[in-house]
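Reader: I have the file open and want to go through a few details. Can we start with the strands?

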Amino acid sequence: MIFTLSKDYKIVFTNPRHFCFDECNFLQSYLSEKIPLDQLPAEIESMEHIIRKCHKQGIINAHFDFLIVESNPGKLKWENGKLFYKDKFECLFFHLIRFKKLPYLIKPEWANIPNRFFIHSFYFSKHIPNSIRNGVADMLIMPKYFLFKIKREINWKYNIFKSSVAPEKEIDNIHNYCGLYKLNNRVFAVGTSSSKKQLFLIQSLHVIPLHLISKQRFYAHAERYNITFDFSAGAKFLLEQVFESGIDSEVYSKILP
């Protein structure tokens, strides 16, 4: 069996941890940036490593193509057992893991599943996109989506207000560096500014200011992310990806001082 070619498969199978062995050991975000897999610091030799290696050696003939739809792009059509994206690409399947987490997801209440239906960014429909009937359905459904976004924005504005009136957090740290924080293969650096003692979260070349909202808690909002850094919980931080991709909650722990 091909999985036994991994030098780490016994570790994976006997450890309670999830190593994302069937994919690429949580390196998806780096691969999407066109970084070669063999240049990435994988913790284990995953199936992605094995398949690519065997393909290169001519042991198997692997097919790499547009097969799976991730996140919530909409523009999907199911017709007579086949799935299409943008009415152009036939897909193997649509990964529903984030779609199902959407707090504003509209679940269909169909007595019988039709032979053709459409999957939008957060609901199913029997009506052809851009048709009058689908336009009417949009008018009935969209308020639930916008209500959620409004609540999130109010929460963000409230936390920004709290941060504007909160005292500065004095963080006793040499060289204004708090350490590295990791979840799987994703790493963030955390530090403080020398002038205002403000906490910063650094990913790649981006610097995200974290605003003090209570005695030990900082908060930030960047693009589709909400970030909460909590010193009272052992200086861990929570990152939530929201809106278009559902809600994924991830807790990062300190790995280096």
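Author: Strand β7 (residues 124–125) runs antiparallel to β6, and two bridges join them. Strands here are DSSP runs of E of at least two residues, helices are runs of H or I of at least four residues, and both are numbered from the N terminus. Two strands pair if DSSP finds at least two bridges between them. This is a predicted model: local features need pLDDT of at least 70, side-chain atom pairs count only at pLDDT 80 or more, and totals for chains, interfaces and linings use all residues. Residues are numbered from 1 along each chain as its sequence is written, and side-chain values use heavy atoms, with hydrogens and water left out.

Reader: How many residues sit between β6 and β7 in the hairpin?

Author: Four. Across that pairing, Phe118 stands opposite Ser125 in β7.

Reader: Which strand does β2 join, and by how many bridges?

Author: β2 (residues 76–79) is joined by four bridges to β6 (residues 116–119), and the two run antiparallel. Leu76 has Ile119 as its bridge partner in β6.

Reader: Switching to rings. How many aromatic pairs are there?

Author: The count is 13 aromatic pairs. Rings of Phe, Tyr and Trp (its six-membered ring) pair if their centres lie within 6.5 Å; planes under 30 degrees apart are stacked, over 60 edge-to-face, and the rest tilted. Tyr9 and Phe13 make an edge-to-face pair, 6.0 Å centre to centre with 85° between the planes.

Reader: Why are Tyr9 and Phe13 separated by about one helical turn?

Author: Because they are four residues apart in helix α1 (residues 9–14).

Reader: And what about Phe94 and Phe99?

Author: Their ring centres are 5.6 Å apart and their planes are at 70°, so that pair is edge-to-face. Phe94 and Phe99 are both buried, where buried means under 20% relative accessible area, exposed over 50%, and partly exposed in between (1.4 Å probe, protein chains only).

Reader: One more residue: is Glu45 buried or exposed?

Author: Buried, with a relative accessible area of 11%. Glu45 lies in the loop between α2 (28–31) and α3 (47–57).

Reader: What does the side chain of Glu45 make a polar contact with?

Author: The side chain of Lys53, at 2.6 Å. A polar contact is a pair of N or O atoms within 3.5 Å; within protein, one must be able to donate a hydrogen and the other to accept it, and residues adjacent in sequence count only if both atoms are side-chain atoms.
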